[in-house]
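Work through the exercises below with the sequence and the 3D structure open. Each task is followed by its solution in steps.

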Amino acid sequence: MHVVSIPSWATDRVVARYGTAHPHADLDPARTALIVVDMQNAFMVEGVAHALCKTAVEIVPNVNRLAAAVRRTGGKVVWIKTTYDPLWLTMHDKVRAEMVAKRMEALTEGSAGHQLHPELDVQAADLVVEKRRYSAFLPEASDLALRLRAGGYDAVLVTGTVTNVCCESTARDAMMMNFRTVMVSDGNAADSDEAHNATLVSFYGTFGDVMGTDFLIGCLEANAATRMVAE
């Protein structure tokens, strides 16, 4: 698991802007979706992966805990799967042919690499959405934003791998498309603590909130209980 380090100056900047260290702690659980990015064998299983992130397996328990909490408090769980797209020319036209072939083999629909990791708690009521770019919110990449809006969801919790590529791209675009966005500090995985923390600090200072799994589950449960009493 990554050693998370958010410097005090970053927290001070958030407090100065919002008046609190966690501006999205009041999110409505029934309007919240957990977005699990690319937790596929292609990034997590040695011998299958074309781009192995060894720390991704370590966050599976937290992802599953969050998924259970989101379902329990009335939200939606969404599993994102990267799918190989031969038309993504700027991704492939300068990359060595053998690396493109490996990515194609690992991320083509129906392949072993394309499947979600077997230890993930995927349930029938969850959504599974394929994306063809780093960001799941890019309109050309998937219809995720449309599906979330149709379901009445306006807040997203971003988990998955890798923190500083697909997760960061997804989280930034979500915020810019008017979704209240939280990156989960111990629910994302990168290739190093440095890459992981650089993304969290950058995102926290400008784009949205950063919370740990325990704190986030506490917010979901407390807010769900408050709304239940109010009703």
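**Exercise 1.** In this predicted model, determine the handedness of the crossing in which H1 passes H8, and state which residues of H1 and H8 make the contact.

Solution.
- Step 1: The helices are H1, residues 8-18, and H8, residues 193-206.
- Step 2: H1 crosses H8 in the left-handed sense.
- Step 3: H1 contributes Trp9, Ala10, Thr11, Arg13, Val14, Arg17 and Tyr18 to the contact, and H8 contributes Val201, Tyr204, Gly205 and Thr206.
- Step 4: Sorted by class, the contact of H1 with H8 has six nonpolar, three polar and two charged residues.

**Exercise 2.** Describe how the axes of H1 and H8 are placed relative to each other.

Solution.
- Step 1: Two packed helices are described by the angle between their axes and the distance between the axes.
- Step 2: The axes of H1 and H8 come within 8 Å and cross at roughly 15°.
- Step 3: Angles under 35 degrees count as roughly parallel.
- Step 4: H1 and H8 are therefore roughly parallel to each other.

**Exercise 3.** Give the strand order of the open sheet and find its edge strands.

Solution.
- Step 1: The six strands run in the order S3-S2-S1-S4-S5-S6, with parallel pairing.
- Step 2: S3 (127-131) and S6 (209-211) are the edge strands, each pairing on one side only.
- Step 3: From one strand to the next, the twist averages 25°.
- Step 4: S4 (residues 155-161) and S5 (residues 180-189) pair over six bridges; Gly160 has Asn188 in S5 as its bridge partner.

**Exercise 4.** Which strands does helix H3 lie across?

Solution.
- Step 1: H3 spans residues 60-72.
- Step 2: H3 lies across S1 (32-37), S2 (76-82), S4 and S5.
- Step 3: H3 runs at about 140° to S2.

Key:
Residues numbered from 1 in each chain as written. Predicted model: local features only at pLDDT ≥ 70, side-chain atom pairs only at ≥ 80, totals over all residues. Heavy atoms only, no water. Pairing = 2+ DSSP bridges. Helix = DSSP H or I, 4+ residues; strand = E, 2+ residues; numbered from the N terminus. Axes fitted to C-alpha atoms, helices over the stretch in contact; angles between N-to-C directions. Contact = heavy atoms within 4.5 Å. Parallel < 35°, antiparallel > 145°, perpendicular 65-115°, else oblique. Left-handed = near helix turned anticlockwise from the far one by under 90°. Nonpolar A, V, L, I, M, F, W, Y, C, P; charged D, E, K, R; others polar.
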